[in-house]
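Take a look at the chain shown here.

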Amino acid sequence: MAAAGVVSGKIIYEQEGVYIHSSCGKTNDQDSLISGILRVLEKDAEVIVDWRPLDDALDSSSILYAGKDSSSVVEWTQPPKERGYRGSEHLNSYEAEWDMVNTVPFKKKPHTNGDAPSHRNGKSKWSFLFSLTDLKSIKQNKEGMGWSYLVFCLKDDVVLPALHFHQGDSKLLIDSLEKYVVLCESPQDKRTLLVNCQNKSLSQSFENLLDEPAYGLIQTGLLDRRKLLWAMHQWKKIKKDPYTATMVGFSKVTNYIFDSLRGSDPSTHQRPPSEMADFLSDAIPGLKINQQEEPGFEVITRIDLGERPVVQRREPVSLEEWTKNIDSEGRILNVDNMKQMIFRGGLSHALRKQAWKFLLGYFPWDSTKEERTQLQKQKTDEYFRMKLQWKSVSEEQEKRNSRLRDYRSLIEKDVNRTDRTNKFYEGQDNPGLILLHDILMTYCMYDFDLGYVQGMSDLLSPLLYVMENEVDAFWCFASYMDQMHQNFEEQMQGMKTQLIQLSTLLRLLDSGFCSYLESQDSGYLYFCFRWLLIRFKREFSFLDILRLWEVMWTELPCKNFHLLLCCAILESEKQQIMEKHYGFNEILKHINELSMKIDVEDVLCKAEAISLQMVKCKELPQAVCEILGLQDSEVATPDSDTGEDESVAMTSCPASTFQSDALPILATSGARDDNTTQISVSPNVSRLTPA
């Protein structure tokens with residue numbers, strides 16, 4: 001409904017039923033609610049926010065004007081006295097949120113560009129419009145407090161009337177504005193969104209991009225400002241939603257930035273990759289990889305780690321081997337030895353459904369069969385009580401619970417694109433997809449503070465595939481999330497810690513490679529982000545992930561073994577990266593394209609060999625000892641000629657270092673015993689056909 005005098009342009013957003021409450025003290029006065037239409041328009045590279053009433057009978061001789069003296073077409077002015085007491089105190093007051101705007105006088109500013117008529121017909125007493133470049137902040141209502149509303153504050157500290165969204169959520173407006181500006185929560189008030197201020201360092205990085213000569217490139221059309229805004233929006237998403245940002249690939253984002261900066265002459269317009277690295281470093285605030293410049297960190301000098309042993313892996317643990325280690329009451333005997341066998345070769349698929357419950361802590365290793373049966377009954381009741389909580393929420397209730405709506409929306413999107421090429425999840429109306437959805441929704445009831453974050457469906461999918469049972473899959477998932485929780489928290493503390501630890505290990509193993517990465521502004525190791533976030537789920541085939549995860553769940557041969565897996569992969573790619581002189585973009589692209597091309601058995605062998613090499617080192621830095629869970633570099637290591645267990649075709653290994661005084665060790669020959677008989681699985685054992 002475009003009334004006369006509306007600014008012309010491309011409509012980006014339009015919403016009717018947006019009200020101004022002109023007098024919150026007159027609750028019975030029908031005139032206190034003024035219905036209007038809110039639009040966001042794009043015209044001549046400028047974005048305009050425009051609100052005007054629908055009631056043409058309103059009497060007026062003035063218009064609310066916003067903007068100072070820039071490209072804004074209008075201005076809102078207040079007498080000096082009123083500016084004095086309607087400053088920050090007013091903005092934070094209850095009255096500001098309901099805006100008794102009929103107490104504020106306004107005056108008209110003459111138009112200079114001819115684009116906006118002057119509304120001489122007196123139909124716009126409460127109308128206002130402003131340029132997005134003049135917006136300073138947006139204040140939102142408290143959750144659950146009636147209609148959602150927004151209060152716009154301009155850069156000259158002018159506070160516009162609160163807009164109440166009676167017919168829809170204000171989130172769509174925020175989403176529309178975020179296409180053009182970066183919004184972030186104020187540290188002082190989470191309800192206030194600051195414009196173009198994600199954090200100081202990130203804002204400064206982008207401001208530097210708009211300095212000369214880059215700003216001149218924007219003015220002349222050589223640099224696409226919209227592309228830079230898009231990139232800014234992507235880095236904001238990394239902090240808010242790490243999974244989505246990493247899934248689209250860092251290379252896409254950085255290429256977008258570089259393409260914008262190159263313009264017509266790469267030699268004159270390309271910016272240093274160091275600025276791109278700054279964007280990445282600010283995506284996870286607080287992360288400082290170069291620890292040697294930080295006080296309190298141990299300086300790791302070049303250390304001779306000695307010869308790296310050659311290791312090989314055994315066959316997967318069979319059902320018969322597992323059964324031999326169970327007593328008459330169902331307890332697992334010699335747990336340490338069983339974990340070593342699983343670490344060495346993984347599990348046969350028919351055994352996973354049973355063994356994973358122990359590896360993930362759902363079943364205690366020392367529990368009897370009867371105790372496990374009782375535990376399952378208890379956990380089944382607990383699960384369905386939580387499931388009933390969200391199942392019993394009516395549509396009307398859910399309309400008033402934005403967090404639950406958001407969780408459901410994210411889950412539905414993710415479930416429909418999780419492992420759809422796997423036979424277990426392929427096709428429409430697949431019962432596996434329904435179970436994925438229900439388990440993730442129930443987890444929101446189990447841990448409502450965390451709720452659902454994109455990427456968690458990737459962790460659940462293999463568990464449900466193996467368990468084929470909703471309740472067992474849920475509790476295994478809950479246990480796995482206990483390990484992975486920090487990866488998905490808003491502050492991303494788990495990701496910060498792991499990237500710093502990975503850098504420390506990689507520097508010890510190959511300081512030259514680390515130096516090369518730093519010279520290419522890749523020292524932050526962000527190309528490993530996705531590996532760590534969802535434990536290599538997107539890097540290996542589905543069946544290889546089953547093997548990799550069960551090996552890692554043994555917590556052998558040391559703490560943080562997954563970081564050594566990262567080191568093993570990077571070591572394999574080092575030669576190509578350095579010989580071909582890959583730069584910042586090329587490194588991101590190369591690592592991203594390794595997906596589904598990595599040999600899981602080869603990586604496991606290399607990572608274990610690295611762990612043995614480090615344990616043998618007598619001068620291992622304390623920082624590395626702490627990362628790997630070693631007491632210090634004096635950890636005792638058994639001789640390689642200790643007795644072998646002929647029945648498992650490989651050297652028998654002691655328990656992990658943080659459980660005992662020794663690490664597992666293999667003979668350097670690592671030869672597999674060809675005389676070992678592979679035990680066949682009984683035909684009455686149910687199997688899943690691998691996808």
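Arg 535 has a relative accessibility of 11%, so it counts as buried. Buried means under 20% relative accessible area, exposed means over 50%, and partly exposed lies in between (1.4 Å probe, protein chains only). Arg 535 sits in the loop between α23 (529–533) and α24. Its phi is positive, about 50 degrees, although Arg 535 is not a glycine. Most residues other than glycine have a negative phi, and most peptide bonds are trans.

Some ground rules come next. This is a predicted model, in which local features need pLDDT of at least 70 and side-chain atom pairs count only at pLDDT 80 or more, while totals for chains, interfaces and linings use all residues. Residues are numbered from 1 along each chain as its sequence is written, and side-chain values use heavy atoms, with hydrogens and water left out.

Now move to the loop between α24 and α25 (561–579). Asn 560 is found there. Asn 560 also has a positive phi, about 55 degrees, and is not a glycine. With 18% relative accessibility, Asn 560 counts as buried. Pro 557 lies in this loop too. A cis peptide bond joins Leu 556 to Pro 557, with omega about -5 degrees.

Step back to the whole chain. It holds 28 helices and 10 strands. Helices (H or I, at least four residues) and strands (E, at least two) are DSSP runs, numbered from the N terminus. Of the 691 residues in the protein chain, 55% are buried. The chain exposes about 31600 Å², and carbon and sulfur atoms supply 47% of that. These areas come from the Shrake-Rupley method with a 1.4 Å probe; for residues, only the protein chains shown count as cover. Look next at contacts, meaning heavy atoms within 4.5 Å. Among contacts with a separation of 6 or more, 70% are between residues 24 or more positions apart.

Which helix does α24 pack against? Two packed helices are described by the angle between their axes and the distance between the axes. Helix α24 (residues 542–553) packs with helix α14 (residues 349–359) at an angle of about 35 degrees, and the axes are 11 Å apart. Axes are lines fitted to C-alpha atoms, for helices over the stretch in contact, and angles run from 0 to 180 degrees between N-to-C directions. The crossing of α14 and α24 is left-handed. That means the near helix is turned anticlockwise from the far one by less than a right angle; clockwise would be right-handed. From α14, the contact uses His 349, Arg 352, Trp 356 and Leu 359. From α24 come Leu 546, Arg 547, Glu 550 and Trp 553. An α-helix has 3.6 residues a turn, so residues three or four places apart point the same way.

Helix α14 has other neighbours as well. In α14, 9 of the 11 residues are buried, so the rest of the structure largely encloses this helix. The buried residues include Ala 350, Leu 351 and Phe 358. They pack against α12 (319–324), α13 (335–345), α15 (369–391), α19 (456–467), α20 (470–488) and α24. After α14 comes Gly 361, with a positive phi near 85 degrees.

Turn now to the strands. Two strands pair if DSSP finds at least two bridges between them. Strand β1 (residues 10–21) pairs with β2 in the antiparallel sense over 10 bridges. Here Tyr 19 stands opposite Ser 35 in β2. Strand β1 is also joined to strand β8 (residues 163–165) by 2 bridges, again antiparallel. In β8, Tyr 19 stands opposite His 164.

Strand β2 (residues 33–43) pairs with β3 in the antiparallel sense over 8 bridges. Leu 38 has Trp 51 of β3 as its bridge partner. The hairpin of β2 and β3 has 2 residues between the strands, and Asp 44 there takes a positive phi near 50 degrees. Strand β3 also pairs with strand β5 (residues 128–131), antiparallel over 4 bridges. Ile 48 stands opposite Ser 131 in β5.

Is strand β3 (residues 46–53) mostly covered or uncovered? It is mostly covered, with 8 of its 8 residues buried. Glu 46, Ile 48, Asp 50 and Arg 52 point one way, while Val 47, Val 49, Trp 51 and Pro 53 point the other.

Finish at Leu 177, in helix α4 (residues 171–177). At 0% relative accessibility, Leu 177 counts as buried. Leaving out residues up to four places away in sequence, Leu 177 touches Val 40, Val 49, Leu 132, Ile 138 and Phe 152. Leu 177 and Val 40 are 137 residues apart along the chain, yet their C-alpha atoms are separated by 8.1 Å.
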